[in-house]
Amino acid sequence: LFLGRFEARKGLDVLIAAWPEIVRRGGSSPPELIVAGGGELARQVEALAAGGPGRVRIVPTPDDAEARRLVAAADLMVAPAPWGESFGLVLVEAMAAGTPVVAAANPGYAGVLTGVGAACLVPPGDAAALAERVAALLGDPARLAELGAWGRDHVTQFDVARIGPRLVEIYRRVATV
């Protein structure tokens, strides 16, 4: 699953370039790519869906409920944004749903995918590395399940119930200065 704006800043062009290799590595049971959103790269996505390789389904800009359903149903989410991400909220949301994520190692995403999750980071803009990581994970259901469980646990550190009191304390200290 790719969920986001159809633009190079979100790395969709990198995923489009990686897709033929992902399909090739899928063997007799190639994966389906769901591309959800909209934007300037819509024609490239439509061409990929129309001409292959593999199965590509386009979901025009889903509402929040549909986006959550897509994320929860996906085997894997791909977030290849090469830059411009200050925090990986989309990664946190996917992992909270138990969906593993492969992401570009931009600073915002690298701050979320730490520890075990760091193995799911690929160099920004590297379609070959993205294809290799996605294909390897899709070919290893046990590893996907492990990453899904790890992600659910890992994202609890970003929960407002944990972060909120720390932020309130910081504001209190600053207010008394």
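This is a predicted model: local features need pLDDT of at least 70, side-chain atom pairs count only at pLDDT 80 or more; totals for chains, interfaces and linings use all residues.
Me: Why is lysine 10 called buried?
Reply: Buried means under 20% relative accessible area, exposed over 50%, and partly exposed in between (1.4 Å probe, protein chains only). Lysine 10 has a relative accessible area of 16%, so it counts as buried.

Me: What makes the link between lysine 10 and glutamate 85 a polar contact?
Reply: The term needs a pair of N or O atoms within 3.5 Å; within protein, one must be able to donate a hydrogen and the other to accept it, and residues adjacent in sequence count only if both atoms are side-chain atoms. The side chains of lysine 10 and glutamate 85 are joined at 2.7 Å. Leaving aside neighbours within four places in sequence, lysine 10 is in contact (heavy atoms within 4.5 Å) with residues including Phe2, Arg5 and Pro82.

Me: Why is serine 29 called exposed?
Reply: Its relative accessibility is 57%, so serine 29 falls in the exposed class. Serine 29 is found in the loop between α1 (12-25) and β2 (32-38). Its C-alpha atom is separated by 27 Å from that of alanine 81, 52 residues apart along the chain.

Me: Which kind of peptide bond joins glycine 52 and proline 53?
Reply: A cis bond, with omega about 10°. Most peptide bonds are trans. Proline 53 belongs to the loop between α2 (42-51) and β3 (55-60).

Me: How many helices and strands does the protein chain have?
Reply: Eight helices and six strands, running β-α-β-α-β-α-β-α-β-α-β-α-α-α along the sequence.

Me: What makes the protein chain as compact as a globular protein of its length?
Reply: The globule rule is 2.2 Å times the number of residues to the power 0.38, and the radius of gyration is taken over C-alpha atoms. For 177 residues the rule gives 16 Å, and the radius of gyration of the protein chain is 17 Å, close to that value, so the chain is as compact as a globular protein of that length. Of the 177 residues, 42% count as buried.

Note on methods:
Residues are numbered from 1 along each chain as its sequence is written. Side-chain values use heavy atoms; hydrogens and water are left out. Helices (H or I, at least four residues) and strands (E, at least two) are DSSP runs, numbered from the N terminus.
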